[in-house]
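Subject: Structure handover

Hello,

Here is the structure we talked about.

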Amino acid sequence: MSARELHAILPLLVLSAGIVVLLLQVSFRRSHLAAAATTLITLVASIYACFQVAAALPPGGGSVAVTGLLLVDHTALFFCLLLLLAAIAVAVLGFNYLKLRCNPQSTTDNYPEEFYILLLLVMLGATTLVFANHFASFSWPWS
């Protein structure tokens with residue numbers, strides 16, 4: 001895989017790195033605010049990566065084929081941006097909801113940090129499907 005192809009999937013790499021950071025953070029220190037902040041930082045960094053990739057694409061509707069299964073073009077980046085912006089809205093609204101719902105003084109086990117891990121994992125899957133060029137990209141996780 002060339003550097004150009006790695007740069008083309010930069011939003012996916014940023015999301016993957018953010019998931020790993022969030023998993024490590026939650027495993028060492030559970031904090032609802034810290035998990036929400038890490039999620040928002042990851043989503044904003046992935047949006048920035050989308051703009052970086054869009055600027056590096058060839059002009060005139062050019063695209064970059066990555067491994068035959070992923071195709072990065074301006075349309076895919078646009079839908080990736082839409083998904084990431086929606087995820088930011090879900091994270092902000094979810095933070096306020098979970099702050100009220102998951103009381104730290106309650107006796108039941110409430111772990112709102114898991115919501116943010118799942119949100120980033122869903123976003124990684126959704127953005128991968130946006131970049132999919134072949135149906136095998138969609139069916140691969142279930143085979």
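Which residues in α4 are buried? They are Ala76, Leu77, Cys80, Leu81, Leu84, Ala87, Ile88, Ala91, Gly94, Phe95 and Leu98. Buried means under 20% relative accessible area, exposed means over 50%, and partly exposed is in between (1.4 Å probe, protein chains only). Helices (H or I, at least four residues) and strands (E, at least two) are DSSP runs, numbered from the N terminus.

Before going further, note that this is a predicted model, in which local features need pLDDT of at least 70 and side-chain atom pairs count only at pLDDT 80 or more, while totals for chains, interfaces and linings use all residues. Residues are numbered from 1 along each chain as its sequence is written, and side-chain values use heavy atoms, with hydrogens and water left out.

Confidence: pLDDT is the predictor's confidence in each residue, from 0 to 100. Its mean over the chain is 86, and 89% of the residues reach 70 or more. Confidence is highest in α2, at a mean of 94, and lowest in helix α6 (residues 135–139), at 59.

Helix α4: this helix covers residues 74–101, and its 28 residues should span 40 Å at 1.5 Å a residue. The expected span is 1.5 Å times one less than the number of residues. The end C-alpha atoms of α4 are 40 Å apart, which agrees. Its buried residues are covered by parts including α2, α3, β2 (70–72) and α5, where contact means heavy atoms within 4.5 Å.

Cysteines: Cys80, one of the buried residues of α4, has a relative accessible area of 0%. Cys50 is buried too, at 1%. The structure holds zero disulfides, a disulfide being a pair of cysteine sulfur atoms within 2.5 Å. The sulfur of Cys50 has its closest cysteine sulfur in Cys80, 3.5 Å away, which is too far for a bond.

Salt bridge: there is one in the structure, meaning a side-chain nitrogen of Lys or Arg within 4 Å of a carboxyl oxygen of Asp or Glu. Glu113 pairs with Arg30, and their closest N and O atoms are 3.1 Å apart. Glu113 lies in helix α5 (residues 113–130) and Arg30 in the loop between α2 (10–28) and α3 (32–56), so the pair ties together parts that are 83 residues apart in sequence. Glu113 is buried, at 4% relative accessible area, whereas Arg30 is partly exposed, at 42%.

Regards
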